Amino acid sequence: MRWDGQKIAAEAAQALPGLALAGHQRSVRTPEFAGVTFHEVHARSALNKVPEASAMPFRWTVNPMRGCLHACTYCFARPTHEYLGLGPDEDFQTQIVVKTNVVEVLAAELRRASWRHEHVALGTNTDPYQRAEGRYALMPGIIGALAHSGTPMSLLTKGTLLRRDIPLLADAAQEVGVSVAVSLAIGDEALQQAMEPGTPTPRARLGLIRAVREAGLECGVLVAPVMPWLTDSTAHLDGLFRELAEAGASWVTTIPLHLRGPVRPLMLSWLAEHRPELVPNYRRLYAKGAYVPEEYRRWLSERVRPLRRRHGLHGPSAAPLEGAGSPAGAGAAGAAGGAGAAASAGPGAAQPSPWRVRAAGDRSALATPEGALAGALAGAVQPALF
């Protein structure tokens, strides 16, 4: 891609004096992305190793960008921008770091004799199919490199740009394990536009689910985060589950909102502007920390269970227990594995995945790619994921 005419030189450094970007090549702006600066970097590595202590059911991730144009108020990845000397609020959605050499670096890492072809998760930090991917086109090369090396992968996105790569994913699935999931938590378009202003509409994402399924691929859905008093009503969940079932979703899991670090004041600020009557409720519910209380998780699980049955939806075969969203919940899911999740899913439980990934270290539990996707939102965020 050629944006030389839009290049920013010394003025970018002056505008962002705290910016800590190793391998920085240039910063660019373009009229197509008003108010956004793309910081192009040459990454030293593409594969990120997840810490052994993490409850995540995968050990490797790839993230071609940092920061996200989707601008979701609740995004759990916002604090990771602070590692760059940037803010978690406006900077997160206007200062986007792009690893322009990620495909070449990844291919080289996958050729190493030491590479064990372990499962790689995509979309664990910021969305790989945010709108900028249309310009940089990094994902086709990433998918190709993983498939060519015999490395199984899972992918989570809100971005309908995934449609472009469905043929690549279908071809890759002939060689390696491929799991695709779409994140869709808000069925009401007005609320979605207010809370997730940079994302495709719910209708567009339902169309994406249909397209993935029509290509012969499984497509799970993360109804995450479920936001108390905003999207946890029976009417909202029932309507959303109905539409997901009609679109052909392969599995569905729900995860309640968690508010870590700077995300908490951002969410409270959004509520003060849009739903001020809910601010006291949120302060009480999250009074003891970033996660909802156990009582709420159980309540959400009980609310979701009959809706699953009504619409013939089941959970991923190794997802966190329904309503998970705390370190305890994620750990329980990791220990229980596929059997525990199948038991919680009730009638129509998922069939075992045709391929499985053994967790690294001394943990003996097996994790399916579907569980890896669900775990990406249920577990604690670790810097190594980015």
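Helices here are DSSP runs of H or I with at least four residues, strands are runs of E with at least two, and both are numbered from the N terminus. The model is a predicted one, in which local features need pLDDT of at least 70 and side-chain atom pairs count only at pLDDT 80 or more, while totals for chains, interfaces and linings use all residues. Residues are numbered from 1 along each chain as its sequence is written, and side-chain values use heavy atoms, with hydrogens and water left out.

Helix α9 is followed by Gly 248, which has a positive phi near 95°. The end C-alpha atoms of α9 are 20 Å apart, in agreement with the 20 Å that its 14 residues should span at 1.5 Å a residue, because the expected span is 1.5 Å times one less than the number of residues. Among the residues of α9 that are buried are His 236, Leu 237, Phe 241 and Leu 244, where buried means under 20% relative accessible area with a 1.4 Å probe and protein chains only. The cover over the buried residues of α9 includes α8, β11 (219-226), β12 (251-256) and α12 (294-311), contact meaning heavy atoms within 4.5 Å.

Two packed helices are described by the angle between their axes and the distance between the axes. The axes of α8 (residues 202-214) and α9 (residues 234-247) come within 8 Å and cross at roughly 30°, the axes being lines fitted to C-alpha atoms over the stretch in contact, with angles from 0 to 180 degrees between N-to-C directions. That angle makes α8 roughly parallel to α9, since angles under 35 degrees count as roughly parallel. In this contact, Leu 206, Ile 209, Arg 210 and Arg 213 of α8 meet Glu 243, Leu 244, Glu 246 and Ala 247 of α9. These residues divide into four nonpolar, no polar and four charged.

With α12, the axis of α9 comes within 10 Å and crosses at roughly 35°. Residues of α9 including Leu 237, Asp 238 and Phe 241 meet residues of α12 including Leu 300, Val 304 and Leu 307. Leu 300, Val 304 and Leu 307 are also among the buried residues of α12. After α12 comes Gly 312, with a positive phi near 65°.

Finally, Leu 156 lies in strand β9 (residues 153-157), and it counts as buried because its relative accessibility is 6%. Its C-alpha atom is separated by 9.8 Å from that of Asn 125, 31 residues apart along the chain.

Notes:
Parallel < 35°, antiparallel > 145°, perpendicular 65-115°, else oblique. Nonpolar A, V, L, I, M, F, W, Y, C, P; charged D, E, K, R; others polar. Buried < 20%, exposed > 50% of the residue type's maximum accessible area, 1.4 Å probe, protein only.
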